Amino acid sequence: MNNKFDYTQISDDCVKCGKCKPVCTIFNINQDETTSPRGFIDLLGAYKRDDLELDKNAKDIFESCFLCTNCVDVCPNDLPTDMIIEQVRSDIAKKYGLAWYKRLFFFLLRHRKTMDFLSKLGWMFQTCALKLDKQKQTALPRFSLPIVKKDRALPFADKKSFLNKYPENIYAKNKVIEEGKKNRVAIFIGCMSNYTYTNIGDSLVKILKRLDLDIFIPKKQLCCGAPAYFTGDFDTVDYLVKKNIEYFETWIDEVDAIVIPEATCSAMINQDWEHYLHDQPEWKERAKAISKKVFMATKWLENNTKLNNILAMSNKKFDSIVTYHDPCHARKMQGVWKEPRNLLSNNYEIKEMSDPNRCCGFGGVTMQTEKYHFAKAAGLPKAAMIKETNAQIVSAECSACRMQLTNALHQGKVEDVEFKNPIELIADALE
C-alpha cells in the first residue's frame with residue numbers, strides 16, 4: 001500500500017497514454033494539460049523531487065480535482081491519482097492553512113452536540129435567509145452571502161436530526177431466529193441525512209422494520225471524516241476516524257452489518273479509512289476489521305434480505321419514471337450500481353440517462369465554495385441528461401450528489417424533476 005503514496009514512482013509509472021483525459025471531470029471543463037490526471041501526476045512527481053514549489057498556482061491546480069476517480073477506473077496501470085491528490089492537499093493545508101468557514105465546519109464535525117444545537121437554531125431562523133421548497137427539500141437564499149450566492153439551490157435543516165429522533169434500539173416485533181445471524185443491523189446515517197435529508201433515515205428504519213430486523217442506531221457516531229479528508233485537514237480526519245473506530249469496536253460484534261444509505265460515507269469507512277491510516281499499521285488493521293461489516297444500504301438489502309421478493313410480490317406500480325445517477329463513490333469505488341436498480345425496478349419504471357456514470361460535479365467543500373464555478377459547470381451537462389429522459393424522479397444513494405444535482409437542475413431550469421434517495425422510493429413502495 002505504501003507505494004501507492006510514492007509520488008515519484010506513480011509519476012514514473014504513468015505511460016502518458018491519455019485514456020484518463022476524456023473521462024476527467026475537471027479536464028472536460030478546463031481543458032488544460034495541468035488539470036488532467038496525467039498533468040496532476042507529473043506535477044506531483046516534480047513536487048516530490050523538489051523541482052516544483054508548492055506555491056499558490058500549484059495549490060490552485062491540486063485543488064481543482066473533483067476526486068471522481070474516473071481516471072483510476074480507466075487507467076491501464078491503475079494509478080491512484082485521487083489518493084495522492086488527497087495526500088498533497090494535506091501539505092497544502094499545513095502550508096496555507098484553511099479558510100475560516102472550513103475550520104468552523106470541521107470543528108462542528110468533531111462536536112456533535114454543538115452541531116445539534118446550531119442545526120436546531122438554523123431550523124428556527126432559516127426562513128429569514130432562505131425560501132424553502134419542502135416538496136423538493138431544497139431552499140433558495142433570499143440574498144447573496146460571501147460564500148453562497150443568491151440564485152443557488154441549497155439543502156436546509158430539518159426540525160429534528162435523525163439521531164435525536166429515534167431510540168438507540170428498535171426491536172423487531174416478529175424477529176426470526178436464524179443460525180449464524182443476529183438479525184440486528186446498525187445504521188450509520190451520514191451528516192447530511194442526519195441534519196437535512198432526514199427522510200432517508202426514516203425510510204431505512206421503515207424498511208428494516210418491515211424485514212423484522214432489530215435496529216441499532218449508534219448515538220455516539222461521528223462524521224466519517226470524508227469532507228475533511230478531501231480538503232486536507234488530516235488532524236480532523238485523525239480525530240474522527242479513531243474516535244469512530246474505538247466506538248464501533250464496542251458493539252460491532254453484536255450486529256450483522258453496518259448499513260449506510262450514503263455512498264461517500266460508505267466508501268470513506270470501507271476504503272479511505274485504510275488509505276488514510278496507511279502509515280499507522282495498528283489503526284489500519286482495526287479499520288480493516290470494521291470495514292468487513294460496512295455496506296451501502298441497497299447492496300446489503302438486496303444481497304442479504306428478502307426485500308426484493310417482498311417488493312416484487314407487492315405488485316405495486318408507480319406512474320413516475322425514475323432515472324438513476326451512479327455516484328462516483330458507489331459504482332467506481334464500491335462496485336454498487338446494479339443493486340439499487342434491481343430493487344427499484346420492481347415498482348418503478350427506470351429510464352437510463354445517456355451517461356449515468358458521469359460525475360455530477362459535487363467535488364467536496366472546496367469545490368462547493370471557492371471553486372463553485374467548476375461545480376456548476378460540471379452539473380449542467382448532467383441536468384441536461386436528466387431532462388432528456390423525461391423522468392419525474394432522479395435517484396442516487398448519495399446526499400452529496402443530491403445537493404449538487406438539485407442545484408444543477410435549478411441552474412438548468414429543469415423544474416419538473418425531484419430527487420429521491422432509492423431508500424426513500426423503496427420505503428414508499430412498501431407502504
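At 33% relative accessibility, K16 counts as partly exposed. This residue belongs to a predicted model, whose chain is assigned domain 1 (7–96), domain 2 (161–301) and domain 3 (309–430).

- Most residues other than glycine have a negative phi.
- K16 is a residue other than glycine, yet its phi is positive, near 60 degrees.
- The loop that holds K16 runs between helix 1 (7–13) and helix 2 (25–29).
- T69 is likewise not a glycine, and its phi is positive at about 65 degrees.
- T69 is found in the loop between helix 4 (56–62) and helix 5 (70–74).
- Is T69 buried or exposed? With a relative accessibility of 7%, T69 counts as buried, because the cut-off for this class is under 20%.

**The buried side of helix 15**

- Helix 15 spans residues 281–291, and its buried residues are W283, K284, A287, I290 and S291.
- These residues cover an arc of only 120 degrees around the axis, and therefore they lie on the same side of helix 15.
- The face turned away from this buried side carries P281 and E282, which are exposed.

**The crossing of helix 21 and helix 22**

- Helix 21 (residues 372–389) and helix 22 (residues 399–411) have axes that come within 8 Å and cross at roughly 75 degrees.
- An angle of 65 to 115 degrees counts as roughly perpendicular, so this description applies to helix 21 and helix 22.
- On the side of helix 21, the contact is made by Y372, A375, K376, G379, L380, K382, A383 and I386.
- Helix 22 contributes Q404, L405, N407, A408, L409 and Q411 to this contact.
- By residue class, the contact of helix 21 with helix 22 comprises 8 nonpolar, 4 polar and 2 charged residues.

**Domain 1 and domain 3**

- The centres of domain 1 and domain 3, taken over C-alpha atoms, are separated by 28 Å.
- How many residues does the contact take from each domain? Domain 1 provides 13 residues and domain 3 provides 14 residues.

Methods:
Residues numbered from 1 in each chain as written. Predicted model: local features only at pLDDT ≥ 70, side-chain atom pairs only at ≥ 80, totals over all residues. Heavy atoms only, no water. Axes fitted to C-alpha atoms, helices over the stretch in contact; angles between N-to-C directions. Helix = DSSP H or I, 4+ residues; strand = E, 2+ residues; numbered from the N terminus. Parallel < 35°, antiparallel > 145°, perpendicular 65-115°, else oblique. Contact = heavy atoms within 4.5 Å. Nonpolar A, V, L, I, M, F, W, Y, C, P; charged D, E, K, R; others polar. Buried < 20%, exposed > 50% of the residue type's maximum accessible area, 1.4 Å probe, protein only. Arc of directions from axis to C-beta. Domains from an automatic or database assignment.
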